[in-house]
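Visitor: Could you take me on a close look at one part of this protein? I would like to see what lies inside, and then how that part sits within the rest of the chain.

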Amino acid sequence: MREIIVKIKGHQMSPEAGEETMEFITEAKLYERGEAIYLIYEESELSGVPGCKTRLKLKGNEVQMKRFGQGAGPGNEIHFEKGKRYTGLYETPYGAIEMEVLTNKIENTLSAEGDGQLDIDYSISLKGLAEGRNRLNITLM
């Protein structure tokens with residue numbers, strides 16, 4: 001397991017809220033198990049889920065994102081695979097909301113040696129609450 005520094009940049013675009021960008025740098029753990037690379041980092045106040053950890057499992061052109069710990073709730077898991085829809089639940093302080101994610105694009109050059117980056121472009125719909133398009137960029141430093 002490697003201790004590394006990552007730069008995480010999120011860009012959200014929605015008709016209701018316009019465009020928002022957040023960026024932070026944090027420590028992370030990186031390791032390889034079987035054919036998958038795992039990246040684990042702590043969220044910040046900027047992401048809206050402080051005290052929570054995010055685990056990314058990267059295998060080929062597929063990414064599984066799971067949040068756990070304080071404030072994560074049981075339903076905070078998203079699967080990204082280009083051209084495919086993922087439906088699940090997104091836990092909020094007010095209860096679970098049905099969520100649908102369509103992955104538009106994934107570019108993954110992360111390596112177990114601690115370099116590369118991950119770019120995910122996806123559309124998200126939280127039923128009855130919000131719709132938008134997001135971009136997530138994670139760069140290993």
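Guide: The largest nonpolar core in this predicted model holds 29 residues. Within that core, the residues with the most contacts are Leu-39, Leu-56, Phe-80, Leu-118 and Ile-138. Strand 9, which spans residues 117-126, supplies the largest share of the core, with 5 residues. As a general background, nonpolar side chains in soluble globular proteins tend to be buried together.

The protein chain has 10 strands and 0 helices, so its pattern along the sequence reads β-β-β-β-β-β-β-β-β-β. Of the 141 residues in the chain, 42% are buried. Among contacts with a separation of 6 or more, 32% join residues 24 or more positions apart.

One nonpolar surface patch, of about 300 Å², is formed by Ile-5, Ile-25 and Met-141. Met-141 comes in the segment after strand 10, the strand of residues 130-140. Its relative accessibility is 55%, and because the cut-off for exposed is over 50%, Met-141 counts as exposed.

A last stop is Thr-21, which is found in strand 2, residues 18-33. Thr-21 has a relative accessibility of 47%, so this residue counts as partly exposed. Leaving out neighbours within four places in sequence, Thr-21 is in contact with Lys-9, Gly-10 and His-11. With His-11 there is also a polar contact from side chain to side chain, at 2.6 Å. Thr-21 and Arg-135 are 114 residues apart in sequence, yet their C-alpha atoms are 9.4 Å apart in space.

Terms used:
Residues are numbered from 1 along each chain as its sequence is written. This is a predicted model: local features need pLDDT of at least 70, side-chain atom pairs count only at pLDDT 80 or more; totals for chains, interfaces and linings use all residues. Side-chain values use heavy atoms; hydrogens and water are left out. Patches are made of residues with over 30% relative accessible area and no salt bridge: like charges are joined within 9 Å, nonpolar side chains (Val, Leu, Ile, Met, Phe, Trp, Tyr) within 5 Å. Accessible areas come from the Shrake-Rupley method with a 1.4 Å probe; for residues, only the protein chains shown count as cover. A salt bridge is a side-chain nitrogen of Lys or Arg within 4 Å of a carboxyl oxygen of Asp or Glu. Helices (H or I, at least four residues) and strands (E, at least two) are DSSP runs, numbered from the N terminus. Buried means under 20% relative accessible area, exposed over 50%, partly exposed in between (1.4 Å probe, protein chains only). Contact means heavy atoms within 4.5 Å. A polar contact is a pair of N or O atoms within 3.5 Å; within protein, one must be able to donate a hydrogen and the other to accept it, and residues adjacent in sequence count only if both atoms are side-chain atoms. A nonpolar core is a set of buried Ala, Val, Leu, Ile, Met, Phe, Trp, Tyr and Cys residues joined through side-chain atoms within 4.5 Å.
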